[in-house]
Amino acid sequence: MFEWTNDDRRRERAVAASEPLTPYVTLLGFTRYVTRTGPAKASFVGGLRKQRASQSGFNPHGTLIKALKSDIQFRTRGEHLSRVTETVKPRWRPLYEALVPGAIAYLRSLGDLSRVFLVSPREAIAMVGPLPVKLNPQLGLRYADGGAEAVRLHFDEEPPGGEAVLAALHLMRRHMDQLLPGAEPVIVDVRRGRVLRADPQTRPEQVEPWLAGEAAAFSAMWQAAAA
């Protein structure tokens, strides 16, 4: 466990620019991986490896995240989110039409926005067995009562599976001293406006062996894809 420093950023850029033999994945990629079974796991890892090799990939959700942050920061109760669909390219409007109602529902669930303060969480690298997993919550929130949350947004059509939620919340909690000290890890299922939190009955010592096994298999599949 270590902090995400400028050296880490340089290392990430160097790895991304190199021959993609070194296994590496974001938290989003890893959680999508653990929910798959059988041959679908290997196909998914091979796709990630090809994407890394081609330096491809585009995040269509950036404008929505910016609008959500603006509504929290300026206490505007959804004014920015309500307008955001008209500001994106036509090809992305159906996606935004599906996401905005849930995003507004989540915003309203925060209650009195005068007591909610937007902060910037950090990034971190979680070593899961042999596999580096990049943790990058999109939102950091601090509340007037002293509470805090590091928030990961889930945009997929399907709700996040139980294994994906367990893996994401566990790894975020494990590295919370780097991400946002003192905060609780949270996943927001944006399309449905649902907030998902860790089960207090979950035992980390039971989760770690499972994650290590998944990471080892991921790394082996990554290497096999080069053959």
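**Exercise 1.** Which residues form one aromatic cluster with Tyr33?

*Solution.* The model is a predicted one, in which local features need pLDDT of at least 70 and side-chain atom pairs count only at pLDDT 80 or more, while totals for chains, interfaces and linings use all residues. Residues are numbered from 1 along each chain as its sequence is written, and side-chain values use heavy atoms, with hydrogens and water left out. Start from the rings of Phe, Tyr and Trp (its six-membered ring), which pair if their centres lie within 6.5 Å. A search of the whole structure finds three aromatic pairs, and Phe30, Phe218 and Trp222 belong with Tyr33 to one cluster.

**Exercise 2.** Classify the pair of Tyr33 and Phe218 as stacked, tilted or edge-to-face.

*Solution.* Planes under 30 degrees apart count as stacked, over 60 as edge-to-face and the rest as tilted. The ring centres of Tyr33 and Phe218 are 5.1 Å apart and their planes stand at 90°, so this pair is edge-to-face. It links distant parts of the chain, since Tyr33 lies in helix H2 (residues 27–34) and Phe218 in helix H9 (residues 204–224), 185 residues apart; helices are DSSP runs of H or I with at least four residues, numbered from the N terminus.

**Exercise 3.** Decide whether Tyr33 is buried or exposed.

*Solution.* Buried means under 20% relative accessible area and exposed over 50%, with partly exposed in between (1.4 Å probe, protein chains only). Tyr33 has 0% relative accessibility and therefore counts as buried, and Phe218, with a relative accessible area of 0%, is buried too.

Terms used: Helix = DSSP H or I, 4+ residues; strand = E, 2+ residues; numbered from the N terminus.
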